[in-house]
Amino acid sequence: MNGKAEVVVHEAQAFQQMIDQLQRLEEELQKLKLEALRSQIDIGIKQLESGQYTEYNDESLSAFFANIKARG
C-alpha cells in the first residue's frame, strides 16, 4: 500500500476516538440530567410535605397558564 492508506487508517482511528469521546460525554450528560431531575423531585416532595405549595381550581389554573404563556 502507499502512504495514503496509512493516512486513512490514522484518520479513521482519530475519528473513532472522537466518536467514543462523544458517546462518553453524552452518557455523562444523561447522568447529570438524571441527577438534576432527582434533585428537583426531592425539592418538590419536601415542599409538599411542608405545605409549601399552591392549590388551583379551574379559574385560577387558567390564569396561571395565561401568566406563563405571557412570559414566553
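This is a predicted model: local features need pLDDT of at least 70, side-chain atom pairs count only at pLDDT 80 or more; totals for chains, interfaces and linings use all residues.

Biologist: How many helices and strands does the protein have?

Modeller: Two helices and zero strands. Helices are DSSP runs of H or I with at least four residues, strands are runs of E with at least two, and both are numbered from the N terminus.

Biologist: What makes the span of α2 close to the expected one?

Modeller: The expected span is 1.5 Å times one less than the number of residues. Helix α2, residues 58-71, has 14 residues; 20 Å is expected, and the helix reaches 20 Å from its first C-alpha to its last. Just after α2, G72 takes a positive phi of about 85°.

Biologist: Why is Y56 called partly exposed?

Modeller: Buried means under 20% relative accessible area and exposed over 50%, with partly exposed in between (1.4 Å probe, protein chains only). Y56 has 40%, so it is partly exposed. F64, at 31%, therefore counts as partly exposed too. Y56 sits in the loop between α1 (3-50) and α2. Over the whole protein, buried residues make up 1% of the 72 residues.

Biologist: Why is the pair of Y56 and F64 called tilted?

Modeller: A pair of aromatic rings is described by the distance of the centres and the angle of the planes. Rings of Phe, Tyr and Trp (its six-membered ring) pair if their centres lie within 6.5 Å; planes under 30 degrees apart count as stacked, over 60 as edge-to-face and the rest as tilted. A search of the whole structure finds two aromatic pairs. In the one formed by Y56 and F64, the centres are 4.9 Å apart and the planes make 40°, so the pair is tilted. Y56, F64 and F65 form one aromatic cluster.

Biologist: How do you know that Q16 and D20 make a polar contact?

Modeller: A polar contact is a pair of N or O atoms within 3.5 Å; within protein, one must be able to donate a hydrogen and the other to accept it, and residues adjacent in sequence count only if both atoms are side-chain atoms. The side chains of Q16 and D20 come to 2.8 Å, so this counts as a polar contact. Q16 lies in helix α1.

Note on methods:
Residues are numbered from 1 along each chain as its sequence is written. Side-chain values use heavy atoms; hydrogens and water are left out.
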